[in-house]
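Take a look at it first, then follow the points in turn.

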Amino acid sequence: MGKYVIKRLIFMVFTLFIITLMCFVLVRMLPPAELPPGDPHTKIVEARREALGYNKPYLEQFGIFLKNVFTKGDWGVSDVLYFGQDVFAIFVSKLPATMIVNFYSIILSIPIGIALGIWAALRKNTWVDDTISTLTMALISVPSFVYAFLIQYFLAFKLGWFPFLMKEGTDWFSWPMFVSMIPAVLSLSLGVIAGFTRTTRAELTEVLTSEFMLLARTKGLTKVQATVRHALKNCMVVIVPSIFGEFISIIGGSLIIEKLFSVPGVGQLYLNSINGRDYPLFMLLTVFYTAIGLVAAIVVDISYGFIDPRIRMGSKK
Amino acid sequence: MKKLLALVCALAMALSLAACGGQPEQSTAAPTKQETTTKAPVESTPAATEPATTEAPEPEKPADYVYKDSVTTLSTNWNPHTYQTTDESYPTDFLYMGLYSFFFNDESHPLEGKEPFEGYVIVPEMAAEMPVDVTADVKAARPEFNIPADATEGYAYKIALNKDAKWSDGTAINADTYVESMKRLLDPKLLNYRATDYYAGDLCIAGAENFALQGQKEYTAIGVTTTEFLEKGGKVEDLYVDAYDFWNSDASYTDADGNSLPQYVSVLDETVYGENVDDAFSGKELYDSYLGAGAEYESMSPDELYTITGEYATGLDYDKTVGCYKTGDYEITLVFGKSLAGFNLLYNLSGNWIVKVDLYDKCLTEKEGVWTNTYCTSLETSVSYGPYVMTDYQADKHMRFERNENWYGWTDGKHTYVDPEDGETYTMYQTTAIDTQVVEEAATRKLMFLKGQLMGYGLQSEDFDTYRSSDYCYATPGSTIFFLILNGHKKAIEQREASEGFDTTKYDLQTLTVLNFRKAVAVTYDKDLFAATISPARSGGFGIIGISYLYDPESGSRYRDTDQAKKALCDFYSVDTTKFASLDDAVDSITGYDPETAKTLYNEAFKEALELGYITDEDKDGVCDQTIQIEYSLSSDSDFMTKTINYLNEKMNEVTAGTAFDGKIVFVKSAPYGNDWSTKIKQGMADTVLGGWNGSLLNPFSLTDLYVNPSYQYDAQWFDATTVEMTLTIDGEELTTNIKNWSDALNGATITIGDKEYCFGSGRADVETRLDILAALETKFLGTYDYLPMLQDGSMALLSQQVYYVIDEYNPVMSRGGIQYMKYNYNEAEWEAYVASQGGELKY
């Protein structure tokens, strides 16, 4: 197992390096933001680009970037979107809003999603199952921004229960802040609830028809005992990794939901950094998200081994 | 099973409640002012609409009149030295003041010959008095500023400063502030974006350019053709081509080693740039193939070839170089590199460059020779000297401004106006706070507006039917005229037709270049109907210059209202003015739509194209065998584009019915070209697009350069303004020269006609003469049929019932008075009560 993890980590670092290099070169190949012809500011803009080293060969620029990151922990200063500000500080200042909204969404979604999945599986082929399955399919099929608009229209505009936008400020755990997050949280949750419901129902339905469940019942366990002790445990092999996946997506943010509810998070940072040719910000986000994605993949893979001891990671047998 | 469900539900509830944690913080956190406002209970009885019976505002509320604004992009940098975009400059109107300000004329600020609020006056703001011309004194005392020997005025001014002006923290603002700020603005190592504003335009502070660009190479256009340059003894090795402009390239073009393309490339340089973008070239190739002596585009060489005329000197001493210095504790003297006087002087000084020097210096950081500055990028680094001060800032989320109690304007008695309705005198800036949120989605903005949570809502296309007739809807004209640019690049069209895959038996492009065909297209569309159909906030566009441009900013007179401009339109649209009671009636009759003339012209164009062999009529049915396929150059596809193309085709089919081109002219969308859409048009690789220019609303004369200067022209590849002569009678003298010369002379250049020199720039010729030239040029540009005016830009927005404009009429300089003159029907408490009384949803 240890060997397997080390091997994966080495591959991870190598992959991260390759992706970082590719992104670094590709984003610099984009034409710089255009100034109108004859704009008198062109001379100053060009001089600044020169000073920042943007006219040097790409590989030389990449070398400087790596040197600064590894020797000084310096990710650079934003030159376009947040002029003069440290990009790492900007990113860190925006993480809490995204993380909190997504965290609330997950802790709301997971129990509800799993509960509905269990209910549907236990009532398979009844009106309960049909209703849950239909709703699940509807929620999965409809893009999240559609029900985000509906939530905003009905809950904020028509009923006036919630504000339209997330509250400003950094009092993340205050009651007004929580209330203002609810429309965004609900919008994020519906899709996740549907996802967990579908997965749980599918897994549990399959497990409930297994022979070991029949054996469990014949040895005298009640249906509830058999379901909780044997069926649910087996379902978790699939469900738990997806829970890990959801938790990792906490820091990813959602472009549409953050935009609609004015969540001051990281959702739009990445796109804006590309459109604005804000290279330092782009590189920080690229490295961060790539690293998170790679770590997530390893964590999920390793988690299988812990959940189900029969699964041996890296084993050749 | 029930137990299990109950267990799961209980767990879910417990987790959800846990998510609502942070109770201790909730109990200790002080609510913000806005929270207090939004949570305040409101009596929703019918009587609540009357202010007298409304619950009194809570005493701790400092803001009674809150302007609730929304933006799609929140400013991240309002540093007056480095901000770049309009979004970034958003806070500057609240935080900073210019040396001079514009007020509407009224009883307190009268303007001769104008009714109140018809015009405007310019008053000292951060200055204490109007500038005093000291050109003669400075010329004698400070020769280093190189004031021309024959100049007696317009080059140097002494400005007394407002002694009451303070920073929001109470620190005094004096002459040192101005001088030290200018030093930092122009500091060559800081490379401040806004430095250019103080030397590259009308406002040109003596020595500022030399000081700011120390150490950089100076390139100057050769100004003559390559042949003339070489004949005069110039050497090829001294020539550089402006690759960015001529080849429409940029720094993303790299050589084989990844080095970026510099703007100026030696014409002997064989390094190939641009293989990465599939558009490769070298400086040598550009010279040999295009700009060299006898080459195809040599006529462009005066503006595209450069020589190094020097390197900006280094080690300059600010005090001996820059014409901005202290002449008293509260007095500065500004010296200009070129003459500036009257309205233009005051207008250019309506901005300001001052910064709080101690804070500014603390915000500066240097890394590997590159300086960056965090001044005015956060609440902590922000400081004000205007009517408001920033009190809250959260990046990409929220900004709040509240009254700056240290602003002199609250007590100087000058910032008042007399209301045209009730005749009472009021202090400006009734708004006590401005609360700005980021609301990116228009649908959300609309819902918030209808709930009374925003002061304005810009109408979207789907809203026009519902709201355009509303009493609260205001139309604001823009500065741009959008015209259909029509391809006339014969060579490019021939190449396209010759390319593989182009079936000349089915399609034709060459007919586009037939003049009668272009004339026919020009009268095929009703401009107002076009606007009403595809973009209702806009109106029909008829001339090259829009309705907002003022030829005389001092009187607020608009170019489009002049007889010259009206005659230009009548001439172009062939309106017989003798048939109308007045010139205004004649202009009003213009729709741009004349189907009968169009049909005649299409038939004539058919004959002409047939004779030229562009098209065929094999079956002799009198209908063109080919379809004229006009490719519309898309940057990206959208519903608007689809609507536009559909409209153009629909009306074209209506007009061409029964003609030789019946059903044979089709507009088609191009592939999305992104930023290359204009290149495709300029190179004749696409055939039309709705494009437009805008410029300074106070100087319509400067727009002529856009149509004669190859650097800007869309039609530079097939229209050479130096080859089109125009004769005008000026002061009884008949003068003939090409339209490039006319345009240059109109914009201040001295030209030679015969053996005499002429200049018709501002202050060098009377306004009527200048208008005659401008209108004649406009007629010429329209007569090329390269630009077919279609839309006058504009927008429509709803204004909240909570506020009203003191004047409804839009003024290009003053707009409708902005936050300065905004008046309130309801204070915050009254407004909440009013909205509640309307069921929480307002009707507009």
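1. Let us start with one residue, bearing in mind that the model is predicted. As background, nonpolar side chains tend to be buried together in soluble globular proteins.

2. Next, how is chain A divided? Domain 1 of chain A covers 2-87 and domain 2 covers 92-307. Their centres, taken over C-alpha atoms, are separated by 33 Å. Where the two domains of chain A meet, 23 residues of domain 1 are in contact with 19 residues of domain 2. Helix H1 (residues 2-29) of chain A gives the most to the domain 1 side, with eleven residues. That side of domain 1 of chain A has 16 nonpolar, four polar and three charged residues.

3. Still in chain A, helix H8 (residues 211-218) is worth a glance: how many of its eight residues are buried? The count is zero, and H8(A) is hardly covered. After H8(A) comes A:Gly220, with a positive phi near 110°.

4. Chain B has four domains: domain 1 (92-97 + 386-474 + 795-837), domain 2 (217-311), domain 3 (476-693) and domain 4 (701-792). For domain 3 and domain 4 of chain B, the C-alpha centres lie 23 Å apart. Domain 3 of chain B brings 46 residues to the contact, and domain 4 of chain B brings 24 residues. On the domain 3 side, several elements of chain B each supply at least two residues, among them helix H18 (515-522), helix H20 (563-572) and strand S27 (688-693). The most comes from S20(B), with seven residues. The residues of this side of domain 3 of chain B are 24 nonpolar, 13 polar and nine charged.

5. Now for a sheet in chain B. B:Met399 stands opposite B:Thr436 in S18(B).

6. Finally, two backbone angles deserve a look. Most residues other than glycine have a negative phi. B:Phe117, however, has a positive phi near 65°, and B:Ser815 has a positive phi of about 55°. B:Phe117 is in the loop between strand S2 (100-104) and strand S3 (120-124) of chain B, while B:Ser815 is in the loop between strand S33 (803-804) and helix H27 (818-821) of chain B. Are these residues buried or partly exposed? B:Phe117 is buried, because 23 other C-beta atoms lie within 10 Å. B:Ser815 is partly exposed, with 13 other C-beta atoms within 10 Å.

Key
Residues are numbered from 1 along each chain as its sequence is written. Chains are lettered from A and ligands numbered from 1 in the order in which they are written. This is a predicted model: local features need pLDDT of at least 70, side-chain atom pairs count only at pLDDT 80 or more; totals for chains, interfaces and linings use all residues. Domain bounds come from an automatic or database domain assignment. Two residues are in contact if their C-beta atoms, placed from the backbone, lie within 7 Å. Helices (H or I, at least four residues) and strands (E, at least two) are DSSP runs, numbered from the N terminus. Ala, Val, Leu, Ile, Met, Phe, Trp, Tyr, Cys and Pro count as nonpolar, Asp, Glu, Lys and Arg as charged, and the others, Gly among them, as polar. Two strands pair if DSSP finds at least two bridges between them. A residue is buried if 20 or more other C-beta atoms lie within 10 Å of its own, exposed if 12 or fewer, and partly exposed in between; C-beta atoms are placed from the backbone.
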